[in-house]
Structures are given as C-alpha cells and as structure tokens.
Amino acid sequence: MRDNPEAHELIAPASLSAVLELLSRTPGKWTPMAGGTELMVAHAAGQLRPQKLVSLWGIPDLRFIEMGPKSIAIGATTTFCDLRAHAGVVAHLPLLAKAASWIGSIANQSRATLGGNLVNGSPAADSSPALLVYDAEIEMVSARGRRRIPYAAFHTQYKRNAMAADELLYAIHMPLRFAHHRHYMRKVGTRRAMAISKVALAATALVDNDLVNEICLAAASLAAFPIRLYRTEAALLGQAVTADTIQAARNALLAEAKPIDDIRSTAEYRRRVAANLLEELLIAFRSEETAQ
Amino acid sequence: MSAGWPTHRFTVNGEGRAVKAPPMKRLLDVLREDLRLTGTKEGCGEGECGSCAVRMDGELVNSCLVPVLQVEGALIQTVEGLAANGELHPLQQAFLHCGGAQCGICTPGMLMAAAQLLARNPHPSLAEIREGLAGNLCRCTGFMRIFESVVVAAANSAEGSTNRRAEQAAHAR
C-alpha cells in the first residue's frame, strides 16, 4: 500500500554544519536521505518507518572526489555516475568503477550514493566487496568532531554499523597502492542488469613467481553483512597456487562463509558458487603470472 | 490544505515553475498532477521499470524516487520538452519510423533514457545502447525495434549536425 507523502517530514538544511547541529540536538530523531533510491522505495511500499527525514542531496561538502598522491577521498553523497565518470577512479580503483556500473540502471546510478550504499548495509551491497579489497577507511563526522575506522569494522551486524546516532558518514578513503596488483571481481545474479546479487566475490593480490605474496578477499551475500574472507586469505598467503592450495582455499571459504536461504538464492548455491569464483580467480591470477 | 505546504521552485522544459506541495511528494506526481504534464508515466513506482524517467540537471532519474524538495532549483526535462519548434526530436522521429513504440507506456521513459545516452555519447555502440536502456522495461516490442530506433536517431542526428555545419559553412562563404 502506497504511503502518504504528508505523513513524513523532509527538510533540507543548506549546509553540512546545519545537518550536524540537527543530528546533535536530537540524536536518532532524523534519518538522513541522500538520493533516496532505498528510502523512497520503502516509502512506495508503505514501509518507510522514519517519520523525520533530512536531505543530504545538494550539500556540496559531501559530494566530492579528491585524489592525493597516495590516497583518494570520496565524499559520502558521491553518486555511482560520478564514480564511473571519474578518470582517477577508473584508472586506480577499477573494481569500484565496475561495482558502480552494477548498481541498478543509469537512472539509479545518477541518484544512488556510495555512502548510502554503505549506511544502508545490505549484505548484497555492490560497492562493498570492492571497498574491502581496497582497504577502505570510513570517515564519520558529527558536531563532536571526526573519526576514521577501517571499513572492515564498519558493519557490526545485519543492517547495523559503527556510527553513533549523531554521526554522519562523511567520506570513504582508499590508499592508491594497487597499480601492480591483480584485480578480480564477479557478481552472480539472476540477470545482468537491475538484479541484486546472489553472491559476489572480489580480490586484490600480489602474485610473484607463482607465490601469493599479498591477498585480500571480500564477498557480498555470504554473511549478514559484506565481509573480508580472512581465513581464506590465510590459506593462500605465502603459498604457490597449486591444485592443493586451491582446494585448501575452497575449504577455508566454505568453512567461513555463513550465507542464508532467501528469496534470491539458497545458502548451498551461494557457498558452491563462491568457492567456484574463488577457484576461477586463483586460476586467472596464476595464468596472468605465467603469461608474463 | 495545500496552503501550508512550502513552495518548490524549479525549471521544467525551460519554464520556471513554482509548486506548493508536501516535500516528500514524488516528482512524478508533481509533474502529472500539479503541472498536468502527463507524458511521464508511472509503471512500478519503485525505480525498477524506468517509465517515469526524466532528465534532472543533465542526469537521468526515475521521477518516482525523487521527492520534490530535492528538485529545488533543478532543471527538469520531460518527454514534453523533446520536440522543439513544432518538430519532433530525432529520437521521436526514429521511434515512429522504426516501430519503437507500441502500447506507449514505456515510450516516454525510453525516449528520455535514449536522450540521456545520446547527450553523453552521440555515437553509441549496440552494447552501449543496451546498457543505457537497461533500466527501461518494455513488454511489447521485445526491445529490438527500440534499439534500432536509437541507432537510426544517432545516425540522423549526426547527419543533421553535418548538414547544419555544411549550411553554416555555406553561409559563412
């Protein structure tokens, strides 16, 4: 049943400081809304619970991409269209540009924001595996000041995160140190466009002389929130990519993945496909090595 | 009732408009009900089908997911704004010529998505056309005639601009 627009209050303070002041005065009372691709869908279904919404759309302090010599900072309300159109993101963070192209359609990518994707906290979030394998940090801001935490520590449980009620996600930071890494990311969904993933896997790695010298693995839809696959990484680190190593890594992944059955897929399918994606990426990384 | 709601000011198809409405009212409803621009259609109402797509500040958006408060100061283009000086837009001509429109519900959104694509990329490949229109669902045509329409419109626009450049060059001489 469609909701009544008159049932919700929506305000648009002109500045970031005005938003922070509002959140600090009445913590938890106002729900921030950026491009609305999640909250307006809930509204359409009559399931938008927050009564008071504060718009972040159009606040310039939150929509930016800044490239320094060693790192990149992306403002929370940067849209997925912004990310796809940014030459630096495409060149240095190809998996993030690819994830941006997976989000819904062009009309969704023009409104959906990177910060919104993270705060919404879906276990299937498209941008999350890329951010995890790029060692992203999350910068939060409130009237009390700013703080940064690793993105890997941002999600705490299903749809819950480390932000306090008066905090806003301000920016996502990533080091620019992946130029010589292998990159891999694949999403398996019902169809190519407009489909939420059944499972997705991402990796960055340094493979030299057939040895895995560094590897970072992350997945969507294998747990209650997007996760780093630490035990699978441990099974690979320092190893040569042999059939035995691949089998050990598959076993580690199957042991640490905790997917669920839901409307989009089954736990068993997700586990099996995730292990197959892992094998695919290891074989690709090995053959890239051989090819050089 | 409406007296208490704030006034939202923005531009639609080149014309400044002011609408009193609840801030959470969807741009789709403001266009159709308050401004009587019923070319923009409602399909799913949840951002999946693209029927309600319009252009906002040079980007394609689903107007069912945009609260009118966020349209403040924006430039909106709807399907009514495609034709200019009594002439159909090259995309509209191509959709007519190629049979790109059947029942017509998806057509305004398809046209706006195609207009967005051609504004960014005047010579799209078939793969780029498919991606540009991936968020617009059509249950009549099977899509092939729509893709063909965009190919033809891109070719005609290019020819048109070449002709115009030739005319301008002739004029200059």
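The model is predicted: local features need pLDDT of at least 70, side-chain atom pairs count only at pLDDT 80 or more, and totals for chains, interfaces and linings use all residues. Residues are numbered from 1 along each chain as its sequence is written, while chains are lettered from A and ligands numbered from 1 in the order in which they are written.

**Domains**

Domain bounds come from an automatic or database domain assignment. Chain A is divided into domain 1 (5-55), domain 2 (60-175) and domain 3 (182-291). Chain B has domain 1 (2-81) and domain 2 (90-172). The table covers two domain pairs. Contact there requires C-beta atoms, placed from the backbone, within 7 Å.

| Domain pair | Distance between C-alpha centres | Residues in contact |
|---|---|---|
| Domain 1 and domain 2 of chain A | 19 Å | 14 residues of domain 1 with 17 residues of domain 2 |
| Domain 1 and domain 2 of chain B | 23 Å | 13 residues of domain 1 with 12 residues of domain 2 |

In chain A, helix H1 (residues 16-25) gives the largest share of the side of domain 1 that touches domain 2, with 6 residues. Helices (H or I, at least four residues) and strands (E, at least two) are DSSP runs, numbered from the N terminus. That side of domain 1 of chain A has 7 nonpolar, 5 polar and 2 charged residues. Ala, Val, Leu, Ile, Met, Phe, Trp, Tyr, Cys and Pro count as nonpolar, Asp, Glu, Lys and Arg as charged, and the others, Gly among them, as polar.

In chain B, strand E3 (residues 53-56) gives the most to the side of domain 1 that touches domain 2, with 3 residues. This side divides into 6 nonpolar, 5 polar and 2 charged residues.

**Strand E13 of chain A**

Strand E13 (residues 211-220) of chain A is largely enclosed by the rest of the structure, because 7 of its 10 residues are buried. Buried means 20 or more other C-beta atoms, placed from the backbone, within 10 Å of the residue's own.

Strands pair if DSSP finds at least two bridges between them. E13(A) runs antiparallel to strand E12 (residues 197-208) of chain A, joined by 9 bridges. A:Asp208 stands opposite A:Leu211. The E12(A)-E13(A) hairpin has 2 residues between the strands, and A:Asn209 in the turn has a positive phi of about 45 degrees.

E13(A) also pairs with strand E14 (residues 227-228) of chain A, antiparallel, over 2 bridges. Here A:Ala219 stands opposite A:Ile227. This hairpin has 6 residues between its strands, and A:Ser221 takes a positive phi near 65 degrees.

**Helix H2 of chain B**

Helix H2 (residues 90-98) of chain B has these buried residues: B:Pro90, B:Leu91, B:Gln92, B:Ala94 and B:Phe95. B:Gly99 follows H2(B), with a positive phi near 70 degrees.

Methods. Two residues are in contact if their C-beta atoms, placed from the backbone, lie within 7 Å. A residue is buried if 20 or more other C-beta atoms lie within 10 Å of its own, exposed if 12 or fewer, and partly exposed in between; C-beta atoms are placed from the backbone.
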